Amino acid sequence: MADRPNIIFIITDQQRFDTIAELGFPHMETPHLDRLVREGTTLTNCHVTAASCAPSRASLFTGYYPHTTGVLKNADLWQHSWIESLNESGYRCVNIGKMHTYPYHTPLGFHERYVVENKDRYLEERYYFDEWDKALRARGLVKQQREQYRTRDDYQEALGAFLWELPEDLHSDMFVGEMAKWWIDSYPQTEPLFLQIGFPGPHPPYDPTPEYAEKYLDKELPLLEVTQEELDNQPAAFKELRQHNNEVDHDSVVLDLNPTEEQRHRQRAYYLANVTMIDQKVGEILESLERKGYLENSVVIFTSDHGDCLTDHGHSQKWTMYDIITRMPTIVWSPGRFEAGRRYDGLCSQFDLGPMILELAGITPPADMEAQSLLPVLEGKDAPEREYVFAEQAKDGILTGTEFMTMVRSRDWKLVHFLGEDDGQLFDLKADPDEVVNLWNSDDPEHVARKRELLDALREWRMESQLKTKDLFAQHR
C-alpha cells in the first residue's frame, strides 16, 4: 500500500454552485478552480445531506445521515469520523482551518489540528480562541466582529457585507491559506498525507478586502427576482425564518425583508469577492504541493458544506432546501487517475465522497455505511446514480418554526416536508429550475401523484436507514 495517494480535501463554508467561471458562470474570477474543473471530474448534481454546517460535515465525515449521527444542528456533540480509519492505516492526518466539530478541538482522527472556526462566533463558543484569534492577538489587533459592526450607521442595511480593513494576511481565508502553505512547505514527507483544509469563507460576514470587492462591484451580477406571490406561498416555517432573520443578526447579517437591488448587488459582490480570495489561495496551495512533490500522487477534492440564499427566495444564509443551499460545487482532481474535463451529472450525495476516499486509501468502508462510494463513477465504470437524494435539518436557534425538515429530490422533482405540519414545498425542477412555484397545494393529478411518490420515498428511506444501521451502536447496548 506504499503507493496510496495523498488526499487533499479542501472545503469552503457556504459556497454556492454558481461561483466558478468554468462551470458556466462567466461573471466569476476563479482561474485556479477553473483549472481543477478543466483537469478534473466535476460532480454537477451533488447534494449535501443537511442545511447547516455541523450536520452536513458530520454526515460527510462519517458516511451516515444526520438522523443516524444525531448531529442535527450546530454544537451537537461530534467526536468521531472515518478519518480515524485513515489514521490507523498509516496516513498522516492534518486539519488546517474549519471543520466545525464539537468540541471544536476534538481530535476526530487527526494527528494535528490547527483550528480556525466561524469568523463571527457570538453565541456558540464565543470565547474559544482559535489559531486565527491567537494570530490577531499576537499582532495586537482585534478581530472585526459583530460588536464593532453593530456601531456602523449602515449595519441594518448592509446585509452582512463589510470590507476587511485589517492587514490582508490576517483575513480568515488568507490566514488559513497561508497556514496550509506553511505546513506543506515545512513538514517532511513520510507517510501518505490526508490534509483537510477548511476555509471559513465565503460564510458571512461577507468581508473581502477593497481590492477584491472592487472587481465585483462594477460587474452586472445575476439576482433571482423575488415576488410577493412566491413569498406568500412559502411554508409557515419559512415565513417565520424570514422574520427571525430580520430581527436577529446571525453572523452579522440583518435580513432586510424588502432589500433594494443595490443592497442585493453589493452583498452578492462581496460574497463573490470572498470566493475569488479563496481561489487565489487554492492556486498557491497547489503550487506548494507541487513544489514539495505531493502532486505526483495525489487526489485533490474541492467542495463546500452548503450554500447561501443571498436574498434569493427572500431568505438569508442557509436553513432552507433550495438547490442553491444543497447543490455543491464538487471537483475531484487527479491527472492520470481520473478523466480530465469530465462533467458527471448523475444525482449523488456529497457524503458519498467518504467511502470513495477510504477505498482510494485501500480501506474497505463499513458494511452499514449509508454513503455509497463514488469511486466507480470517477473511474468511468457503469455505476447507477442515486434515484433520490435526501437532506435534513432540525429545529435550532434560527430555524424555529418547525421541529424537523426533510428534503427528497429526484432528477426532476423536489419535496420538502415539515414534521407535523400541513404545508410543505413541491417543485417541478424541469419546468421551474429556480424553485419559485410551490405546487404543494396543487390539485393537478400529476402534482398530487408526484407528491405522494416523494412522500412514499421519504418513508421508505427512513425505514431502510433504520434497518441498515441497526447494529451501528451494538457495542453500547
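Lys and Arg count as positive here and Asp and Glu as negative, with His and the chain ends not counted. By that count, this protein has 50 positive and 83 negative side chains. If we place each charge at NZ of Lys, CZ of Arg, CG of Asp or CD of Glu, the centres of the two sets lie 4 Å apart.

A quick word on what we're looking at, friends. This is a predicted model, where local features need pLDDT of at least 70 and side-chain atom pairs count only at pLDDT 80 or more, while totals for chains, interfaces and linings use all residues. Residues are numbered from 1 along each chain as its sequence is written, and side-chain values use heavy atoms, leaving out hydrogens and water.

Now the overall build. The C-alpha atoms fill a box of roughly 65 × 55 × 45 Å along the principal axes. Buried residues, meaning those under 20% relative accessible area with a 1.4 Å probe and protein chains only, make up 61% of the 477 residues.

So what about the inside? A nonpolar core is a set of buried Ala, Val, Leu, Ile, Met, Phe, Trp, Tyr and Cys residues joined through side-chain atoms within 4.5 Å. The largest one has 57 residues, and Ile96, Trp183, Ile197 and Val282 touch the most other members. Its largest share, twelve residues, comes from helix α11, residues 261–291; helices here are DSSP runs of H or I, at least four residues, numbered from the N terminus.

Have a look at Ile197: leaving aside residues up to four places away in sequence, its contacts (heavy atoms within 4.5 Å) include Phe9, Ile96, Val176 and Ile285.

Key
Buried means under 20% relative accessible area, exposed over 50%, partly exposed in between (1.4 Å probe, protein chains only). Helices (H or I, at least four residues) and strands (E, at least two) are DSSP runs, numbered from the N terminus.
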